[in-house]
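Reader: Please take one part of this model and go through it closely, with the cut-offs stated. I would like the packing of the helices.

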Amino acid sequence: MTATAKKFGRVPSAVARLATSPELLNGFLKLSAVFETTTLTALEREVLIMTVAARNECHLCVAMHTATLTRLPASPELVAAMRAEAPLPEPRLEALRLFVHAVMDTRGEVPAAGLEAFTGAGYTERNALEVVLGIGTYTLSTFANRLTRAPLDDAFAEHAWHAA
């Protein structure tokens, strides 16, 4: 939980709820740490996380990762588009967002054209597999947060979000 406290400046209530299953929390934290070492940039990782969080309608996750995006070099337009589940203003990041959706929609059986669009935007086959890692990691988190009905911490209230 130390890494989580360092990232957010405190231990969010969602993490405390996940801790009721030390195995789940430990698994998530390990997967999250591995995902942080991928060749995707910090901004790309956050785009993936926000895409999964919004798709899975995790209000808490979207709020928490909106806070993270605001600390990164993410434009207000990018953050707004992510929260609205709208096309992103940066073509490369939009290719990533569309690929995340394609992987989720097809349960990994992305058509060749979808993979070609992703790699055509400058991503690699390694990045495609890193996307799978990110989706798995943050699906675990979003599902657990929804299951435990984790509340939004006051620290993230300014970034509150509700699915459209």
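Author: Helices here are DSSP runs of H or I with at least four residues, and they are numbered from the N terminus, as are strands (E, at least two). This is a predicted model, in which local features need pLDDT of at least 70 and side-chain atom pairs count only at pLDDT 80 or more, while totals for chains, interfaces and linings use all residues. Residues are numbered from 1 along each chain as its sequence is written, and side-chain values use heavy atoms, with hydrogens and water left out.

S32 is placed in helix α3. S32 is buried, at a relative accessible area of 11%; buried means under 20%, exposed over 50% and partly exposed in between, using a 1.4 Å probe and protein chains only. Beyond its neighbours within four places in sequence, S32 is in contact with T137 and Y138, contact being heavy atoms within 4.5 Å.

T51 belongs to helix α4, residues 42-55. T51 is also buried, with a relative accessible area of 4%. With neighbours within four places in sequence set aside, T51 contacts M82, R97, V100 and H101. Its C-alpha atom and that of V79, 28 residues apart along the chain, are separated by 11 Å.

Not counting residues up to four places away in sequence, V131 touches L48, L96, F99, V100, V103 and F118.
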